[in-house]
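Please look over the model shown here before reading on.

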Amino acid sequence: MSIVIADDHAVVRSGFSMILNFQEDMEVVATAADGIEAYKMVARHQPDLLIMDLSMPPGENGLIATGKIKEDFPDTKILILTMHDDEEYLFNVLKSGASGYMLKNAPDEELLHAIRTIRRGGTYIHPKMATSLVREFVKADHTAAPDDPYELLSKRELEILPLVAKGYGNKEIAEMLYISVKTVEAHKAKIMEKLGLKSRPELVEFALKKKLLNF
């Protein structure tokens, strides 16, 4: 099974490569440090599996890259490895086309089991997150998409949107909401995707129309 590993930490890439290359049925053919490089490596090697970190600054994050890669290279399966045991992340990852979601602090044996499950055509979800997935699908309304994309935003995204529009930086927002900078970046990417926006000026214009900029 040919594998590409995408993670912004060199020590993680090296560690995973060592573990996987030791397996008789796996070979790491390339590594990448961000989502853009991951896309290039998948395009070049057409691997069976891409192991993708969810948050990889300063380049394109894993969630956005996952959607693009699945659209252009549907035969490449994607396993998301992340520190986020968050049901919203899980739900968005699976909607983007990934075949698996597991936490970075899981043991090596679980990583190997996840890879082989995906190779057999299955979907692997970290046991801790399985209940969250069921709950999210029960809550989701699959009958029709909302007319206003603003309704797609999560509670946290609704908090972050006006702060970004007002010009606050990632670090400032992280401190205000008591979350990590990487989490802010991931939420910002999802806000832009859900609203179909390409730039900060477009986001500011959207916020103005929604009367979100009450300084």
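The numbered points below go from the whole chain to a cavity, then to salt bridges and a few loop residues.

1. Basis. This is a predicted model, in which local features need pLDDT of at least 70 and side-chain atom pairs count only at pLDDT 80 or more, while totals for chains, interfaces and linings use all residues. Residues are numbered from 1 along each chain as its sequence is written, and side-chain values use heavy atoms, with hydrogens and water left out.

2. The chain as a whole. The protein chain has 10 helices and 6 strands. These are DSSP runs numbered from the N terminus: helices are H or I with at least four residues, strands are E with at least two. Of its 215 residues, 49% count as buried. Buried means under 20% relative accessible area, exposed means over 50%, and partly exposed lies in between (1.4 Å probe, protein chains only).

3. Surface and contacts. The accessible surface of the protein chain is about 11,300 Å², and carbon and sulfur atoms hold 54% of that. Areas come from the Shrake-Rupley method with a 1.4 Å probe; for residues, only the protein chains shown count as cover. Among contacts with a separation of 6 or more, 62% are between residues 24 or more positions apart. A contact means heavy atoms within 4.5 Å.

4. The cavity. How many cavities of 30 Å³ or more are there? The count is 1. The largest cavity holds about 30 Å³ of space. A cavity here is a set of points, on a 1 Å grid over the protein atoms alone, where a 1.4 Å probe fits but cannot get out; lining residues have an atom within 4 Å of a point. Points are joined across faces, edges and corners, and the volume is the space filled by probe spheres set on them.

5. Its lining. Strand E1 (2-6), helix H1 (10-21) and strand E3 (49-53) each supply at least two lining residues of the largest cavity. E3 gives the most, with 3 residues. By class, the lining has 7 nonpolar, no polar and 3 charged residues. Ala, Val, Leu, Ile, Met, Phe, Trp, Tyr, Cys and Pro count as nonpolar, Asp, Glu, Lys and Arg as charged, and the others, Gly among them, as polar. Asp7, Asp53 and Lys104 are among the lining residues, as are Phe16 and Leu81.

6. Lys104 and Asp7. The whole structure has 10 salt bridges. Each is a side-chain nitrogen of Lys or Arg within 4 Å of a carboxyl oxygen of Asp or Glu. One joins Lys104 and Asp7, with the closest N and O atoms 2.7 Å apart. Lys104 lies in the loop between strand E5 (100-103) and helix H5 (108-119), and Asp7 in the loop between E1 and H1, so the pair ties together parts 97 residues apart in sequence. Asp7 is buried at 2% relative accessible area, whereas Lys104 is partly exposed at 22%.

7. Glu157 pairs with Lys194, the closest N and O atoms being 2.8 Å apart. This pair links distant parts of the chain: Glu157 is in helix H7 (residues 155-165) and Lys194 in helix H9 (residues 181-195), 37 residues apart. Glu157 is buried at 0% relative accessibility, and Lys194 is buried at 18%. Lys190 and Glu193 also meet in a salt bridge (3.1 Å, N to O). Both lie in helix H9, 3 residues apart, about one turn of the helix. Which is buried and which is partly exposed? Lys190 is buried at 9%; Glu193 is partly exposed at 45%. Elsewhere, salt bridges that share partners join Asp7, Asp53 and Lys104 into one network.

8. Ser96. This residue sits in the loop between helix H4 (87-95) and E5. Ser96 counts as buried, at 18% relative accessibility. Beyond residues up to four places away in sequence, Ser96 touches Leu63, Thr66, Gly67 and Lys70.

9. Gln46. Look in the loop between helix H2 (35-45) and E3. Gln46 is partly exposed, with a relative accessible area of 47%. Gln46 and Ile3 are 43 residues apart in sequence, with their C-alpha atoms 9.1 Å apart in space. Leaving aside neighbours within four places in sequence, Gln46 is in contact with Ser2, Met41, Phe73 and Thr76.

Key
1 Å grid on protein atoms, 1.4 Å probe; cavity = no way out; pocket = protein on both sides within 12 Å on 5 of 7 lines; lining within 4 Å.
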